[in-house]
Amino acid sequence: MAPRFTAGATAYTKDGRSYIVDDVEDGIVYCRTTGGAETEFAESALFTEAEWISKSDGRRDSFYGRLKQSKAYSTPIGKPDRAAAQAILSRVEKLSPGILDFTAYTVASRASADFGDHIPPASLSILKCREVFDESGPDVRLGLLAGLLGMKPEALIDAGRLGDNLMRALIDKGMAAHAEAFEEFCDRPRR
């Protein structure tokens, strides 16, 4: 019989916290957090990645419905013109492919933590996050992007009127704090 957990695999507790398996011995799973803290659990108290995904599918599906109703999507930041907001969003997507996907994913990850769902960010569907993002108005989407970049939506619209070079510079400056996360995100499959 194949062991449930192997060294290097991810194990999940019932509340969704993930750990990296170091060793399994006599029904005890020795793990560590991504930060390096070591701990141990009875094997019966953990879920494998496949078990966790199948267990949390229903909860994740209801999560996307609640995400649509969240404060992030129901409260626009500022009052940008909807046509100008849509034009800027299209331009930003051309200048920095994947940034709107990353914005949608980041908003969903934060909402998961706020909701107390403990859905591991790696198990969120980028496509479903983006679908929720695209269903909102352009003013809301621009506000979420501007929030990620650390600026006001109106400043992003004004920069867009001045040209692509300024827009790229603002995106680069705003994304500097998220550079590592964005790089990891770009390597993930779009599912």
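Helices and strands here are DSSP runs, numbered from the N terminus. The model is predicted.

Q: In what order do the elements of the protein chain run from the N terminus on?
A: The protein chain holds 9 helices and 5 strands. The strands come as one run and the helices follow. Written out from the N terminus, the order is β-β-β-β-β-α-α-α-α-α-α-α-α-α.

Q: Which element of the protein chain has the highest mean pLDDT?
A: The chain as a whole averages a pLDDT of 86, and 94% of the residues score at least 70. Among the elements, helix α1 (residues 49–69) has the lowest mean, 72. At the other end, with a mean of 94, stands helix α6 (residues 138–149).

Q: What does the C-alpha trace of the protein chain span along its principal axes?
A: The chain has 191 residues, and 42% of them count as buried. It exposes about 10300 Å², with 53% of that supplied by carbon and sulfur atoms. Along the principal axes, the C-alpha trace spans about 65 × 30 × 25 Å.

Q: What share of the contacts with a separation of 6 or more comes from residues 24 or more positions apart?
A: Contact means heavy atoms within 4.5 Å. Take the contacts in the protein chain with a separation of 6 or more. Residues 24 or more positions apart account for 65%.

Q: How many Å apart are the mean positions of the positive and negative charges?
A: The protein chain has 25 positive and 29 negative charges.

Q: Is Asp26 buried or exposed?
A: Asp26 sits in the loop between β2 (18–25) and β3. Its phi is positive, about 55°, although Asp26 is not a glycine. Most residues other than glycine have a negative phi. Because its relative accessible area is 76%, and the cut-off is over 50%, Asp26 counts as exposed.

Q: How far apart in space are Tyr30 and Ile20, C-alpha to C-alpha?
A: Tyr30 belongs to strand β3 (residues 28–32). With 31% relative accessibility, Tyr30 counts as partly exposed. Beyond its neighbours within four places in sequence, Tyr30 is in contact with several residues, including Ile20, Val21 and Thr39. Tyr30 and Ile20 are 10 residues apart in sequence, and their C-alpha distance is 8.6 Å.

Q: Why does Trp52 count as buried?
A: Trp52 is found in helix α1. Its C-alpha atom is separated by 10.0 Å from that of Ser18, 34 residues apart along the chain. Buried means under 20% relative accessible area. Trp52 is buried because its value is 0%.

Q: Where do the buried residues of helix α5 lie around its axis, and what arc do they cover?
A: In helix α5 (residues 126–135), the buried residues include Ile126, Cys129, Arg130, Val132 and Phe133. They lie on the same side of α5, because around the axis they cover an arc of only 155°.

Q: Which residues does Leu127 touch, not counting those up to four places away in sequence?
A: Leu127 also lies in helix α5. Arg190 is 63 residues apart from Leu127 in sequence, yet their C-alpha atoms are 6.5 Å apart in space. Leaving out residues up to four places away, Leu127 touches Arg190 and Arg191.

Q: Is Arg141 buried or exposed?
A: Arg141 lies in helix α6. Away from its neighbours within four places in sequence, it is in contact with Gln86, Leu89, Phe133, Asp134 and Ser136. Its relative accessibility is 11%, so Arg141 counts as buried.

Q: Which residues does Arg110 touch, not counting those up to four places away in sequence?
A: Arg110 is found in helix α4 (residues 99–115). At 46% relative accessibility, Arg110 counts as partly exposed. Ala72 is 38 residues apart from Arg110 along the chain, and their C-alpha atoms are separated by 9.6 Å. With residues up to four places away left out, Arg110 touches Leu148 and His178.

Q: With which residues is His178 in contact, leaving aside its neighbours within four places in sequence?
A: His178 lies in the loop between α8 (164–175) and α9 (179–187). Its relative accessibility is 17%, so His178 counts as buried. Leaving those neighbours aside, His178 is in contact with Phe102, Arg110 and Leu148.

Conventions
Residues are numbered from 1 along each chain as its sequence is written. This is a predicted model: local features need pLDDT of at least 70, side-chain atom pairs count only at pLDDT 80 or more; totals for chains, interfaces and linings use all residues. Side-chain values use heavy atoms; hydrogens and water are left out. Helices (H or I, at least four residues) and strands (E, at least two) are DSSP runs, numbered from the N terminus. Buried means under 20% relative accessible area, exposed over 50%, partly exposed in between (1.4 Å probe, protein chains only). pLDDT is the predictor's confidence in each residue, from 0 to 100. Accessible areas come from the Shrake-Rupley method with a 1.4 Å probe; for residues, only the protein chains shown count as cover. Lys and Arg count as positive and Asp and Glu as negative; His and the chain ends are not counted. The place of a charge is taken as NZ of Lys, CZ of Arg, CG of Asp or CD of Glu. The arc is that of the directions from the helix axis to the C-beta atoms.
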